[in-house]
Amino acid sequence: MTIASTDAAVSRIQRPRLWGIARYVAGTRAEHFEISWDDIERDTDWATGLLADYGIGAHRYVIVVSLTPLAPWSRPFELALRRLGAVICPTDAYRFDARRTSMFARGRPSPTMVLGLEDEVTAGLDDLDGGLSAQIGAMPSVLARPSTHARLAAAGIDPYCFTPLGAATAVECHARGGVHVNSAEWAVESIDGELHLTTVADRAHRLDGAPTGARGRVEQGTCACGRTDVRVVFETVDAGSEEGR
Ligand SMILES: [Zn+2]
């Protein structure tokens, strides 16, 4: 048996319809949703375009902060990084694992992006020598949840937004024109200040005006980056979508 023969054998196994089942919390209610392999494939297509616009390409080093429960939101971006030929530096979204993020951030070659920074690792990095500024202040692109932005800004870092939004992912583009949600997959509306999601594409789990727990408003029109995706403007620093760690 070789790697090639193993790959060939695996390719003949019928793939299950579902990639996985995930969970997020909207307000006080936990919601579960199914994700198909086709969903992941289309999400990866969208992620690839966004990351390419950030200048991510072959041999770029990118730190990805995630966990298995966060994979529904981070996995398409990891697959996109692979497609682009980038090198993934994986770290866990736990405070104690901030040292691994620090090791990658201060290593060589220098990573050009940290993707998925959340409260735990942000706080952990702030505890290390020199704080956030010394740890990731030189990173060209910091993609982080809204709940971290004030802390990052206090360290002189100007982050981009990357956050779960219910079952969807909201990502700021390189042009800083807004925080995009893939309009080929989702419709977003703000009802009494809360963002609600409706599935547009044939996703494994259909939603019809599902509350996300996140507060904000919606902007339409063409972004500075050229995309016509809907853009969200979060009302508070808390995106409100915690996926149950
Ligand atoms: Zn944009």
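**Reading burial and packing**

Mentor: Helix H3 is mostly covered, with ten of its 14 residues buried. Buried means under 20% relative accessible area, exposed over 50% and partly exposed in between (1.4 Å probe, protein chains only). Helices are DSSP runs of H or I, at least four residues, numbered from the N terminus. The model is predicted, so local features need pLDDT of at least 70 and side-chain atom pairs 80 or more, while totals for chains, interfaces and linings use all residues. Residues are numbered from 1 along each chain as its sequence is written, and side-chain values use heavy atoms, leaving out hydrogens and water.

Trainee: Which residues of H3 are buried?

Mentor: Among them are Trp73, Phe77, Glu78, Leu81 and Leu84.

Trainee: How is the span of H3 (residues 71-84) judged?

Mentor: The expected span is 1.5 Å times one less than the number of residues. H3 reaches 19 Å from its first C-alpha to its last, close to the 20 Å expected. Just after H3, Gly85 takes a positive phi of about 85 degrees.

Trainee: Why does Leu152 count as buried?

Mentor: Leu152 counts as buried because its relative accessibility is 0%. This residue lies in helix H7 (residues 149-154). Contact means heavy atoms within 4.5 Å; not counting residues up to four places away in sequence, Leu152 touches several residues, including Leu117, Ile136, Val142 and Pro159.

Trainee: How many residues has the largest nonpolar core?

Mentor: In soluble globular proteins, nonpolar side chains tend to be buried together. Here the largest nonpolar core has 24 residues, and Tyr24, Leu165, Val181, Val232 and Phe234 have the most contacts inside it. Apart from that core lies another, of 22 residues, including Trp46 and Cys173. A nonpolar core is a set of buried Ala, Val, Leu, Ile, Met, Phe, Trp, Tyr and Cys residues joined through side-chain atoms within 4.5 Å.

Key:
Helix = DSSP H or I, 4+ residues; strand = E, 2+ residues; numbered from the N terminus.
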